[in-house]
Amino acid sequence: MGHHLIDCHVLTLPRFDARWVAELRSDLDREPVNQHWMPGIDGDLAASRVAGFSAGSAPFVSSADPDDRIMPGTYAALLQALQDNPTAPFAWAGEQMVDEHLKPWPMRPHVWAGGYDPVSHVCKGVHVHGVKLYRREVVMPVLDMMSKAGQCCEFLLDLAIAKPWTNPNRSTWPVHVPMVGRQWRQHAHNGFRSFGKDDFDRMAQVLGFQTMDALRDEAVRVCLPTSRAKA
């Protein structure tokens with residue numbers, strides 16, 4: 001049993017550059033997390049993530065990808081955010097897209113001064129994206145749904161917990177820590193490159209909507225009048 005409050009799993013596959021994996025391990029060694037290095041199931045991200053989030057017994061759970069870098073202090077900041085906001089289901093820090101050599105892409109980091117926004121959550125894929133820390137108690141009930149969501153299982157996890165299409169009470173919104181928590185390395189084997197419309201529609205169907213467009217339309221209809229940010 002780990003001695004930290006956070007269980008963080010890392011899914012490994014042979015195609016990942018060993019140097020990148022070593023860099024991430026070094027990053028996590030300085031973070032207050034119990035590390036769970038696990039073999040990923042190539043072609044079945046959902047099953048891999050379900051196994052990863054089930055590892056350990058700490059009250060908070062997270063994941064890190066072996067081709068990325070975690071910035072110092074990220075997990076301490078996320079943990080503090082959840083401790084300061086006891087009704088928030090999860091917290092997330094932003095990210096900076098970088099190339100294979102960690103050179104920043106010519107675009108601003110995905111950090112949101114306005115914090116969480118339900119409409120942006122369903123309409124902007126990078127809004128709730130970066131380093132995320134969840135309360136284990138909100139993740140465990142969603143794992144069965146997550147296992148059915150295919151490639152978009154991580155997106156489903158966040159949506160199923162936050163339920164932005166219901167215009168949730170602000171006290172239950174996820175909390176954003178406005179810092180760059182990771183360098184998101186872009187390369188030929190990035191998993192997100194293989195996502196298609198069918199993947200998003202499959203995820204939406206698991207959540208009870210016919211298509212992803214239908215989910216977005218419902219969130220906009222219900223939330224837009226009270227949305228703080230429409231970007």
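This is a predicted model: local features need pLDDT of at least 70, side-chain atom pairs count only at pLDDT 80 or more; totals for chains, interfaces and linings use all residues.
Along the principal axes, the C-alpha atoms of the chain fill a box of roughly 45 × 40 × 40 Å. The secondary structure of the chain comprises 9 helices and 7 strands. Of the 231 residues, 50% count as buried. The chain exposes about 10500 Å², and carbon and sulfur atoms supply 56% of this area. Contacts across the sequence were also examined: among those between residues at least 6 apart in sequence, 78% join residues at least 24 apart.

The aromatic residues were considered next. A pair of aromatic rings is described by the distance of the centres and the angle of the planes. The count comes to 6 aromatic pairs. One of these is formed by Phe90 and Tyr134, whose rings are tilted, with 5.1 Å from centre to centre and 50° between the planes. Phe90 belongs to strand S5 (residues 90–98) and Tyr134 to strand S6 (residues 131–135), so this pair ties together parts that are 44 residues apart in sequence. Both Phe90 and Tyr134 are buried. Ring pairs also link Phe53, Phe90 and Tyr134 into a cluster.

A further pair consists of Tyr116 and Trp173. The ring centres of Tyr116 and Trp173 are 5.5 Å apart and the planes stand at 65°, so the pair is edge-to-face. This pair links distant parts of the chain, 57 residues apart. Tyr116 is placed in the loop between S5 and helix H4 (118–123), whereas Trp173 is placed in the loop between helix H7 (153–162) and strand S7 (175–185). Both Tyr116 and Trp173 are buried.

The charged end of Arg25 sits over the ring of Trp37, at 3.9 Å from its centre. Arg15 lies over the face of Phe16, and here the distance from the ring centre is 5.6 Å.

His4 is located in the segment before strand S1 (6–12). With a relative accessible area of 25%, His4 is partly exposed. Although His4 and Val33 are separated by 29 residues in sequence, their C-alpha atoms are 5.5 Å apart in space. Val33 is also among the contacts of His4 when neighbours within four places in sequence are left aside; the others are Glu31, Pro32, Asn34 and Ala58.

Lys132 is located in strand S6, the strand that also holds Tyr134. Lys132 has a relative accessible area of 12% and is therefore buried, the limit for this class being under 20%. The side chain of Lys132 makes a polar contact with the side chain of Asp158, at 2.7 Å. When residues up to four places away in sequence are not counted, Lys132 touches Val61, Ser62, Ser63, Ala91, Trp92 and Asp158.

How values were computed: Residues are numbered from 1 along each chain as its sequence is written. Side-chain values use heavy atoms; hydrogens and water are left out. Rings of Phe, Tyr and Trp (its six-membered ring) pair if their centres lie within 6.5 Å; planes under 30 degrees apart count as stacked, over 60 as edge-to-face and the rest as tilted. Helices (H or I, at least four residues) and strands (E, at least two) are DSSP runs, numbered from the N terminus. Buried means under 20% relative accessible area, exposed over 50%, partly exposed in between (1.4 Å probe, protein chains only). A charge sits over a ring if NZ of Lys or CZ of Arg is within 6 Å of the ring centre and within 35 degrees of the ring normal. Contact means heavy atoms within 4.5 Å. Accessible areas come from the Shrake-Rupley method with a 1.4 Å probe; for residues, only the protein chains shown count as cover. A polar contact is a pair of N or O atoms within 3.5 Å; within protein, one must be able to donate a hydrogen and the other to accept it, and residues adjacent in sequence count only if both atoms are side-chain atoms.
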